[in-house]
2 protein chains.
Amino acid sequence: MTDTRWLSEEEQTAWLRAAAVLELLPGALDSQLLRDSELTHFEYFALASLSEAPERTLRITALAALTNATLPRLSRVLTGLEKAGLVKRATCSEDRRAKNVTLTDAGWEKVVRAAPGHVENVRRLVLDRLSPEQVRQLSEIAEALLGQLDPEGRVFGSTHVDGPAPT
Amino acid sequence: MTDTRWLSEEEQTAWLRAAAVLELLPGALDSQLLRDSELTHFEYFALASLSEAPERTLRITALAALTNATLPRLSRVLTGLEKAGLVKRATCSEDRRAKNVTLTDAGWEKVVRAAPGHVENVRRLVLDRLSPEQVRQLSEIAEALLGQLDPEGRVFGSTHVDGPAPT
DNA sequence: TAGAGTTTGTTGTAGATGCAATCATAAGAG
DNA sequence: CTCTTATGATTGCATCTACAACAAACTCTA
């Protein structure tokens, strides 16, 4: 076991601030969406991901990858969204273990109505606080971190409903 | 209502990546600490904050501010830590509404043992993935965001005392 | 010193999440 | 073809968290 490489003062400050953002930002995202649209940020993101998919439809596993969620978590969230009439599940004909989730018209409406407020909130909380240069920096920093956090690059991978997931 | 300023492609990419980090990083932090030290990241952070405070003691409200937690959340976490013998609560003599939380010797030991693994994990997940320049950029970006998320500047304004147990 | 209003911390309750176990279906080995 | 293993999705259970209601103690005013 080698000795621990402790953090330099600069590293410590950077990490302290980043950890604070990690603690505060999710709540700030949820609270606006819950207040204005009765959606958590995760629910919104799932609906928005569906809205951009072909046929507004994705396999549950594919949606889980896009949203960085575990399958159990997504399954329960989908149950709620389905009860609210925003999505519907249907067994996949090609692989009867799998299911396709489809955004309903009501779900589409929901996303369309929620989007402006959410985008404004993302601007207020994040993008408008940063210079264009910093937005580029954030993008590269986050990409670098995802290399470790998400080795499969699921976030960037393609979003198709048919066919097996890319290995 | 003015028209929504939608995100440019660069902004969208940056935000998509940042949101993915927001979703994945907390779990990655928790999982190492839970596996190696039976602590959540939040519990570790609370203990570490206490370890750096004078007398290893803080008012509960002050600790909540340092850790960016709500009071109910912190109260319940402290109950757990107290049951585990890692901290103890004592009514403050000057203001009998308030309570001081103190890190016990066992709590100190716990932090000291957990710190190396946690720091290595922070390096593996974050700091070692970034150039020194990017660490500075991350620091400034996070600071800018905290200006909106944490207007009181609780993270910075508070007592940041040097101590043996680092972040 | 009485009382309104505040601050500090805890608790009731409901909803969210992760892990492990489970069920159903598919793919592969012999 | 049968049996074993792997995959897709859901559910049981324990834990965590937020919001709101609450209790206790402080402050300020008259």
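**The surface near DNA and the chain contact**

Modeller: We begin with DNA strand D, which 18 residues surround, T61(A), R76(A), R89(A), K99(A) and R96(B) being the closest; a residue is near a strand if one of its heavy atoms lies within 4 Å of it. This is a predicted model, in which local features need pLDDT of at least 70 and side-chain atom pairs count only at pLDDT 80 or more, while totals for chains, interfaces and linings use all residues. Residues are numbered from 1 along each chain as its sequence is written, chains are lettered from A and ligands numbered from 1 in the order in which they are written, and side-chain values use heavy atoms, with hydrogens and water left out.

Biologist: Which parts of DNA strand D lie within 4 Å of the protein?

Modeller: Of those atoms, 62% belong to sugar or phosphate and the rest to bases. A phosphate oxygen of DNA strand D is 3.1 Å from an N or O atom in the side chain of R73(B). On the bases, a polar side-chain atom of R97(A) lies 3.1 Å from an oxygen, and one of R76(B) lies 3.0 Å from a nitrogen. The elements that give two or more residues to this surface are α3 (60-67) and α4 (71-83) of chain A, together with α4 (71-83) of chain B; helices are DSSP runs (H or I, at least four residues), numbered from the N terminus.

Biologist: How are chain A and chain B related?

Modeller: Two copies of a chain are related by a rotation about an axis and a shift along it. Here chain A can be laid on chain B with an RMSD of 0.1 Å by a turn of 180 degrees and a shift of 0.0 Å along the axis, the superposition being by least squares on the C-alpha atoms of residues with pLDDT of at least 70 in both. That is the relation of a two-fold axis. Of the residues of chain A, L22(A) comes closest to the rotation axis, at 3.1 Å (C-alpha).

Definitions and conventions: A polar contact is a pair of N or O atoms within 3.5 Å; within protein, one must be able to donate a hydrogen and the other to accept it, and residues adjacent in sequence count only if both atoms are side-chain atoms.
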